[in-house]
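I opened the notebook today to look up salt bridges. The entries follow the order in which I checked them.

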Amino acid sequence: MGKLFKNIYYSFPFQLLILHFRSNLILIFTWILLALFITGHIGNIFGIKYLFLSPEYLGNINFTSFFIVGFWFGAFMMSWNLTTYLLDAHRFPFIATMAKPFTKFCINNFVIPFSFFVFYFCHIVYFQGYYELQSFENIMWNCGGFLLGNLLLISLLALYFEFTNKDILHFEKSREAPPNLTGQLAPGRPYINIDSIRENRTQWKVKTYLSTNLRPMLVRSVTHYDKETLFKVFKQNHLNILVVQLFGFFLLILLGLLIDNPNFRLPAASSVFILGSMLIALTGAVTFWFGKWRMTIILLLLAGVQQLTKYEFFSHENRAYGLNYELQKATYDTEVLDIQSFPKYTTPDKKNTIAILNNWKEKQAERKPKMVLLCVSGGGMKAATWTTQVIQQVDKALGGELMEHTSLISGASGGMLGAAYMREIYLQKALGRELDVYDNQYIEDISTDLLNSIMFTIVANDLFLPWATFESGGHKYHKDRGYIFEKQFNENTHGYLDKTISAYKIPEQRAVVPMLFITPSIVNDGRRMVISPQGVSYMTKTPVADSKRNTVKADAVDFGKMFEEQDAMNMKFTTALRMNATYPYILPNVHLPSMPEIEVLDAGFRDNHGITSATRFIHVFKDWILKNTSGVVLVQIDTKEGDKVSSSDQDGLIGSIFNPLGIASKLLSLQEFEHDTSLGFIFDILGEKNFDVIRFSYQPTKKNKKASMTYHLTEREKQDILNAFYLEENQENLEELIDILHIKNTPITIK
């Protein structure tokens, strides 16, 4: 047993593994980081693991998408081998005596890449079977694509090395230097004493290595070789490292230039592996040249990047497409906000909205109909799919009366994507287009992946090519992940929503479709931005008597009035939806043309359920509501997945230090408590008989974990979301809604 242990310990693969953990922790960290992404321990809330385990290409998860990912994973593995060969091959002088030294180094350097490959491969198989519900044949076919892509890349590089890498026999016969460098190994960076290498006096004792046929072989002495010849063998891979770096860099730039063409939007995992290959090669180069100073140099490089990106040439803020940034900027201060809430503005805006409500009432069969306000919650693709499913199924069960009774839609993030899409489908039908509003295709459209294009663009465009531009509404803007989000979303939804905000002004005024308030949060001061084609200045401040108006502050901004001079109504509707769904890091905050400049992000940071907008709307128009309707039904479509109180009795010393700050992570729970207070207030002003709240909540089944809050859904998650409508609680709420709206003889479809 002791002999076997010694044979393993002094084998080349094992000694390389020890060396990596001693000297190459920065490089090993890239493997660890990828593993944490794949398992979901990092970036799970953003759905990062989906990029690796369920790669999409041209909207499909298939042999081709896995082939592309496998190909670039092979590039990542070979970058690891090239870099570690550059840094460590000289520590094992017997390599220089071998035929095809780099090939044999790769074979013996297999432990980390092969372990990761098996780990990755097993996760793919499990994920495709359990979450994507793929058949065994499809899983094997897709995995075959991954393997084939991996082998193709390795084969191509092996062919390249066949012509560029020479063994010691070649250099003994020829006096030529390696094609890339002469003189010292690198300026100011010589190897350790070459005599020590030649005499085999190194701390890394190796007895055996694996040959090309994977058989263990005894190492040979190098004492009889000329030291200059040994030098040449070790130096020859410098050019290969440079080729990897330059090829990866120019490839990412090329892909960034071609993001408008779906054929060049590679699976995002591919771009991550390309970027990883470059980072490994760059880290290896810095380590090689600067040795123990590598961390200092890396920190200086990061500081340099930080300083450079402060300049506009290197970093471009995201803008609202359609707005005019060339004109004088709008003044944004408390005085202007207060003025915009004066009766001078609120009175005509209220009058316009009352006219809309009167048009809505004329379409109803009852003299005093029930008014429905539709509130949808945020939550990425999960919320978008759930909202679309509920609107379709409830409206179908009500015989088409849900959208007819709805006067206002409000909400956040993904929920508003689904609600806006369904509203547009109803509008298209009202305009004479032959559509089945209950077609399952709309579920497929809204649940189609957006994450892959976003993450691909971050790597291929935002990091390396932030200068590409496009034109919208007569103005130029820079392409980034915000741009590709809108482009991909329009492709998924057949371009129905590719219009300006103003396009909805007349349909809303004629009550052809409900009004829709888009309310992103303002980063600078925490206010909400209310975006609507109608004047909505009455939404900017809690309604109080004019004599008491100074007792409350404006907590919202009427987008149309604030940016009227900057062509507010010319802004793209998809941009407004994106502003409303700008989750940090995944999408960029949108900067608006104001002084001082303000930026906006996800509506969920102020109101993730749309309750704030709905209750203020009721408060403002309570007199009209009480006079013209038989009450309000607030239909809430949310993705609340149950309350769970976490324990803090085992936080430990470090955890206990940060525990008092933990309440900041309970933002959505805090909002819900405030929403309950607001709803209680509405019960008071309308009366209990005139106000009802009906909730349709997504609840994952016991065998399924909750769907992630990102722009990708697995097939299992999608089916779980759709089936949640048929849960007993939701069906009971549907029956209650039918009863409240007095819809008779309407069949309820229970699965």
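Which residue forms a salt bridge with K363, and how many Å apart are the closest N and O atoms? I looked this up in the model, which is predicted. The partner is E404, with the closest N and O atoms 4.0 Å apart. I placed K363 in the loop between α16 (343-362) and β5 (371-376) and E404 in helix α18 (residues 401-405), so this pair ties together parts that are 41 residues apart in sequence. I noted K363 as partly exposed, at 38% relative accessibility. E404 is partly exposed too, with a relative accessible area of 32%.

I then searched the whole structure and got 15 salt bridges.

Another of my entries is K479 with D260, whose side chains meet in a salt bridge at 2.4 Å, N to O. This pair links distant parts of the chain, 219 residues apart. I found K479 in the loop between β8 (475-478) and α22 (481-492), and D260 in the loop between α12 (238-257) and α13 (268-290). K479 counts as buried because its relative accessibility is 11%, under the 20% cut-off. D260, at 28%, counts as partly exposed.

Next I took E715 and K718, a salt bridge with its closest N and O atoms 3.9 Å apart. Both sit in helix α30 (residues 715-723), three residues apart, so about one helical turn separates them. I recorded E715 as partly exposed at 28% relative accessibility, whereas K718 is buried at 8%.

My last entry is a network: salt bridges that share partners join D349, D558 and K561.

Technical notes: Residues numbered from 1 in each chain as written. Predicted model: local features only at pLDDT ≥ 70, side-chain atom pairs only at ≥ 80, totals over all residues. Heavy atoms only, no water. Helix = DSSP H or I, 4+ residues; strand = E, 2+ residues; numbered from the N terminus. Buried < 20%, exposed > 50% of the residue type's maximum accessible area, 1.4 Å probe, protein only.
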